[in-house]
Amino acid sequence: MSATMASTMPKHDGNRPLAQNITDPHAHAAAKRVVVGYGFWIFLISDIIMFAAFFATYAVLTDATAGGPRGRDLFELHTVAIETACLLTSSLFCGLAGIGAQYGNRRLFHCAMVATFVLGATFLGLEIHEFTGLIEAGAGPDRSAFLSAFFALIGCHGLHVTAGLLWLLTMMAQVVAKGFRDDVLRRILCFGLFWHTLDIIWVALFSLVYLVGISQ
Amino acid sequence: MNLHGMSADASPHDDVAPGDEHDAGGIRKAVTGYLIGFALATLLSVMSFYIARSTLVWAPSIPIALSVLAIAQMGVHLVFFLHITSGPDNVNNVLALAFGLLIVMLLVFGSLWIMTHLNHSMLPMDEIINRQR
């Protein structure tokens with residue numbers, strides 16, 4: 001028994017830790033692209049946690065309408081459907097822009113970035129149109145706790161999209177001015193992560209704010 | 001094919017940045033991945049919009065059905081757009097996401113749980129005003 005154990009177990013002299021990286025002189029630090037991407041991933045997750053706080057506030061206050069209109073009286077589903085289509089398609093083009101950058105294809109990168117910008121700007125325009133319509137109808141953020149929470153939650157996402165659009169134009173300008181340098185490519189990676197995350201947050205918003213709101 | 005921005009001497013056991021694919025397998029395969037994700041996400045979105053207005057699903061369970069579809073669509077986005085996988089090169093990214101999800105769940109369900117209990121045990125507003133007189 002002990003003889004077979006000894007032959008199958010890996011040899012270990014007891015003075016060195018089993019984990020390789022601790023003593024391995026050839027273990028190397030992660031590539032800068034991995035470190036930057038991971039750091040930005042941590043930021044995005046904390047951003048998601050902030051959205052969760054706004055979302056929890058909204059969920060708690062959905063019935064606090066102070067005698068005012070409820071979600072099903074206010075939400076227009078066809079606007080939300082067009083907004084969803086815009087953001088989802090822009091996410092696809094953002095991914096294509098990322099592929100264009102990775103393979104050094106300038107034409108694919110710029111065309112896809114322009115498409116992403118147009119679709120993102122359309123989304124933002126529809127959201128501003130929706131907000132001004134609500135405020136003109138007397139259902140502004142000062143009407144009830146429900147509407148305050150609604151404007152805070154959706155408005156926060158809209159601000160993120162605005163920042164994303166500015167970032168998008170910056171990246172296009174940097175590619176024109178500096179080309180696909182390593183640092184520019186890292187920024188494009190982070191921008192892609194940001195834009196896809198905004199789309200993921202929008203999935204939660206259109207499903208659980210608008211669609212649940214209209215079906216209740 | 002040599003990818004821009006990815007270190008050439010990366011060994012197969014290295015971590016991969018979130019959003020990057022370890023083995024992209026050429027431009028055509030990468031684009032196909034995005035198109036599959038886009039088709040699945042569109043399908044799930046259309047189902048959500050359809051279910052919200054139809055009588056296909058028993059009315060009181062519509063919020064549950066919409067939540068399930070939303071979580072499925074977020075999963076599609078994570079896998080096909082952000083390339084978060086269960087592979088060993090993605091452990092760091094998955095663990096950070098898992099921790100984030102834990103905090104999100106605590107925040108949302110904790111708030112709802114506590115606030116419904118508070119609402120339940122609070123006096124009606126007119127009764128509070130009566131007692132303060």
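Modeller: Start with one helix. The buried residues of H1(B) pack against H5 and H8 of chain A together with H2 of chain B. Helices here are DSSP runs of H or I with at least four residues, strands are runs of E with at least two, and both are numbered from the N terminus. Contact needs C-beta atoms, placed from the backbone, within 7 Å.

Biologist: What are the ground rules for numbering and confidence?

Modeller: Residues count from 1 along each chain as its sequence is written, while chains are lettered from A and ligands numbered from 1 in written order. This is a predicted model, where local features need pLDDT of at least 70, side-chain atom pairs count only at pLDDT 80 or more, and totals for chains, interfaces and linings use all residues.

Biologist: Which residues of H1(B) are buried?

Modeller: Among them are Gly37(B), Phe38(B), Ala41(B), Leu44(B), Ser45(B) and Ser48(B). Buried means 20 or more other C-beta atoms within 10 Å of the residue's own, exposed means 12 or fewer, and partly exposed lies in between. Residues three or four places apart on an α-helix point the same way, because there are 3.6 residues a turn.

Biologist: Why is His83(B) called buried?

Modeller: His83(B) has 23 other C-beta atoms within 10 Å, and the cut-off is 20 or more, so His83(B) is buried. His83(B) sits in the loop between H2 and helix H3 (91-121) of chain B. Its phi is positive, about 55°, although it is not a glycine.

Biologist: What makes a set of residues a nonpolar core?

Modeller: The members must be buried Ala, Val, Leu, Ile, Met, Phe, Trp, Tyr or Cys, joined through C-beta atoms within 7 Å. The largest such core has 81 residues. Ala97(A), Phe150(A), Leu193(A), Leu211(A) and Leu66(B) have the most contacts inside it. H8(A) supplies the largest share of this core, 21 residues.

Biologist: How many residues meet between chains A and B?

Modeller: 48 residues of chain A contact 47 of chain B. H8(A) gives the most to chain A's side, with 17 residues. That side divides into 34 nonpolar, ten polar and four charged residues. Nonpolar covers Ala, Val, Leu, Ile, Met, Phe, Trp, Tyr, Cys and Pro; charged covers Asp, Glu, Lys and Arg; the others, Gly among them, are polar.

Biologist: How confident is the predictor about chain B?

Modeller: pLDDT gives its confidence in each residue, from 0 to 100. The mean for chain B is 85, and 89% of its residues reach 70 or more. Over residues 1-10 of chain B, pLDDT is below 50. The model scores ipTM 0.84 and pTM 0.86.

Technical notes: Two residues are in contact if their C-beta atoms, placed from the backbone, lie within 7 Å.
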